[in-house]
Amino acid sequence: MSAAASRYETVIGLEVHAQLSTRSKMFCGCPTTFGAPPNTQTCPVCLGMPGVLPVVNRRAVEFGIRTALAFSCRVNEACRFARKHYYYPDMPKNYQISQYEEPLAEDGFLEIDVEGGARSIGIQRLHLEEDVGKLLHEGTLETAQASLVDFNRSGVALMETVSRPDLSSPAEAASYLRAFRSVLIFLGVCDGNMEEGSLRCDANVSIRPRGSAPLGTKVEIKNLNSFRNVQRALEFEVRRQAQALDAGERIVQETRLWEADRGYTRSMRTKEFAHDYRYFPEPDLVPLQIDRRWVEEIRAELPELPRAWRRRAVAQYGLPPYDAEVLTQSRALVDYYEAALRESSQASGAGTDRPKVLSNWIMSELLRVLPGDDERAIKSSPIPPRHLVGLLQLIENSTISGKIAKDVFQKMFDTGQDARTIVEREGLTQVADEGALGRVIDSVMAANPKAIEDYRRGKKEAKGALIGQVMKETRGKANPALVNRLLEDKLSQT
Amino acid sequence: MIDRKDVEHVARLTRLALTEPELERMREQLNSILAHLDTLRAVPTEGVEPTSHAVDVVNVMREDEPAPCLPRDVALANAPDPSDGLFRVPRIIEE
Amino acid sequence: MHRPIHELSAAYRRGDLTPVAVAEDYLARIGAFDGKVGAYLTVVREQALAAARESELRWRAGSPRGPLDGAPIALKDVLCTAGVRTTAGSRMLERFVPPYDATIVERLRAAGAVVLGKTNLDEFAMGSSTEHSAFHPTRNPWDLARVPGGSSGGSAAAVAGGLAAGAYGSDTGGSIRQPAAFCGVVGLKPTYGRVSRYGLIALASSLDQIGPFAQDVADTALLLGVVAGHDRRDATSIQAPVPDYAAELTKGVAGLTLGLPDEYFIDGMDPDVERAVRQAIEVLQGLGARIERVSLPTTRHSLAAYYVILPAEASSNLARYDGVKFGLRVPGRDLVEMQSRTRAAGFGAEVKRRIMLGTYALSAGYYDAYYGKAQSVRTLVRREFAAAFARVDLIVAPTTPNVAFKHGEKEDPLSMYLNDVFTIPGNLAGIPGVSVPCGFSAAGLPIGLQVLGRPLDEARVLRAAYAYEQATTWRSRRPELA
Ligand SMILES: [Zn+2]
């Protein structure tokens, strides 16, 4: 890879298909619930039955416009749907209703963070279309004697966004996809769930000798359905192309499939005629003339986007950029974080490092126990932001120690109760009563005369053993700072 | 003029198995029809917007409200080869 | 008992006739004569009688649902009917039973109409003779050796032969008006978007429109009124309110200006047709209409434009018939073989020809030369009509250049296509047009007068047709099937 990187320049463009979080499909009223039993979410329209007609889902158009505005695209005044033809059994009409010459939006950009700064990646176009069904093979595709079609996904609203070939490495491509996903999640237009196929990615990749002007031959890679796969597949492909060029071979313009399990791309041997899509304007749908007022209404309601939030979190909250990056992987996580911050600003006695303490707890504890960082996982978190803040207050006012707090956190997650309830019920309150603690220290000192002797003879580490004993006696509930002070007092008195 | 190869290509594009005599007859008929259609070339249409809809209706959209689906047995009632609630097709050989 | 629907409903109201008796009579005539005519592909005897019985109860209770309650009608077999097979005249859909009603079928049922059955057509509505049904040809009740026209020939023949009181068909390039002319009945193609296409098996989506066949113009107005109007399920359907067509009929033609296009009287047309149409125009003049010559020069390119647009859209609409989800399947060793064999076996020669033509016209490198060009020609056709309608209220012309031809007479596809030269421009422009009987040829075959109007001006189109019909006696002549 590094050898190839030095001799060749890499040029990558990504096409991302995002399933829109609409309640019904793009052109019919069928619901879009993931994981329903096969062929239970279909109707004559999304089964492509004779005589049926599509009608555009207004919310899908709104989501498209919202996304276009977030990427600073030009929302076209007039847009139109077109039929794209090819035969595949998961596509019931054997054409897909998509957009061709007049897409919803064009010419935008997405800023991504790369080593040593930020880069702006051009977005060429954004359009709406319908998804296809799912094929299940009896065995693998190559060995199957038959395949089975489930049309539940057929007709689900999809948004295709095509980047310009501005990405110059597999790592940048992965970074683009991450930033892209994060924006869509913030906009609330897609759940970003890559395992469930809500976000799917194809890449166009070519290489050329460093400094040479003409672009190399473009190869399309399909089936890149996770950040890791995007990077691995592109790394493989760049290496493959570099080796081919080194060996004096020519790169063939083709479509290749990423085999994630096997770690390589392979040619799909697509005959050239298969790409004759025979687009023409969809006669069953009328053109859309996007009302400028509608666009302005949508623009006015755009939420703060991940980049802006990160910038603000760093400047205003003093959050480390890394923390901000982790939190913006999910809109729900940021919402959670913001809610917790609001809670704690209302509470008294919060330290100035509260923003950082909160992000620590969210990143290391909350994300550890939750099943995911998506909308669903976070919204249904058994620990609401108010409870997390309550827990931090108990630490800060010395009711419990940080160590106990972690156990309390787990109990809060298991029971959904708040920290105070658990601490009180289980008697976990930190012993901060000087009198009570003094008596424990006295008895520990009485039982360990040798340690006291050692300490007085200058062996200062003996104090640590005594503190350990006190903590053990109080089952970790003693306030460590207080134990230290009282012990030092007593050791110097006697 | 379109030749046999064109006819075969188009038949493949649209998934039609044509016999030898059908291919030949198709070539002849398509050429005769296309000769007539080529008279269109003589019509001056520079700067003339194409009409894809005879009526000037725009912006027809529906609200995003879920509607009832077909029961699965109804969805599959016309299927040539239903199999456990799925549509079965013969093996797919990648092209 | 074969009489217009408005007379049937008057008789129901008086109690002289009952919907059940009338339905039984039509079913008996179908039993007796449809073997000769071949108008129907499917007759739904029990359903029809059940609907007639319900209608009878409503009439008896004094609460009919309107003028179509109890009217026995037939539907072209491209209109989907829930639970009743809908074949499009094709082997491909021989056993296809839709789980849904077309919007117009829903509206007809709600209006109390009694559906007798599904009528024959050229396969997937591609043709002008109803010889190219996959099942059997339909014959013209005026002369069984001749075609009824097409593609809605079954519906036209059913109304002409007394096998239905009224019927519906679809018109993509003349498929209602041309068979209406050949069979001596009234046939109307409404404005594109006036009647919902939801549930109409598509031929060419930007041209298809559903319309009625009737024994007279008054029935045509009733049959249109019940099915016209906006439908949420058809994005191309028009929102405009539906006028009371029947109430407008009697306003006459005095003061109207009728345009007579030079291009609709061509060399090679049947002199009987030209004579009949010119006489009809004199009748209209006698009723107070002014006649003005208009020019629609792009008419001569309409046929070519149409035979690009139609096959292109049809090739796309018919791509779904591939043996996967519904309809015919012919086994194959793999998917592509199965699909290719299924489509080879399921489609007839004309359908294959148009699929091939359309696929070619849309394929890489040819789009601009064919589809793009044809759509621009379409714009010219629309502009010319708009310019003409700025000067005249209606356009009158022959419906077809000829009368019904003999079965097997037109083997060459192009000569068959020429049948539609006078009807196609109306589809390209999306305007309404009616064919009303205006006489007979020397051989006793019906001739049709076509009246075209501005978009959504069906009321005026019907008004002129009604004025002409009432001034003449052609409708009193009926074919003898017995
Ligand atoms: Zn659906």
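Predicted model: local features only at pLDDT ≥ 70, side-chain atom pairs only at ≥ 80, totals over all residues.
Residues are numbered from 1 along each chain as its sequence is written, chains are lettered from A and ligands numbered from 1 in the order in which they are written, and side-chain values use heavy atoms, with hydrogens and water left out.

**Exercise 1. Find the residues that coordinate the zinc ion, and name the arrangement of the donor atoms.**

Step 1. Look for donors, meaning N, O and S atoms within 2.8 Å of the metal (3.2 Å for Na, K and Ca); water is not among the atoms, so sites may look incomplete. The SG atoms of A:Cys28, A:Cys30, A:Cys43 and A:Cys46 coordinate the zinc ion at 2.3 Å.

Step 2. Check the angles. They run from 101 to 117°, which makes the arrangement of the four donor atoms tetrahedral (all angles between 85 and 135 degrees).

Step 3. Read along the chain: the donors have the spacing C-x1-C-x12-C-x2-C.

**Exercise 2. Describe the interface of chain A and chain C.**

Step 1. Begin with contacts (heavy atoms within 4.5 Å): 30 residues of chain A touch 39 residues of chain C.

Step 2. Turn to buried area, the accessible area (1.4 Å probe) that two parts lose on being put together, summed over both. For chain A and chain C this is about 2,600 Å², with 61% on carbon and sulfur atoms. A:Pro50, A:Leu53 and A:Tyr87 supply 22% of the area that chain A buries here, more than any other three residues.

Step 3. Look for salt bridges (a side-chain nitrogen of Lys or Arg within 4 Å of a carboxyl oxygen of Asp or Glu). The count is one; A:Asp284 pairs with C:Arg197, and their closest N and O atoms are 3.1 Å apart.

**Exercise 3. Now do likewise for chain B and chain C.**

Step 1. Contacts link 51 residues of chain B with 60 residues of chain C.

Step 2. The buried area is about 4,900 Å², of which carbon and sulfur atoms give 67%. B:Arg15, B:Leu40 and B:Asn78 supply 14% of what chain B buries against chain C, more than any other three residues.

Step 3. There are three salt bridges between chain B and chain C. One of them joins the side chains of B:Glu22 and C:Lys352 (3.1 Å, N to O).

Methods
Tetrahedral: all angles 85-135°; square planar, octahedral: opposite > 155°, others 65-115°.
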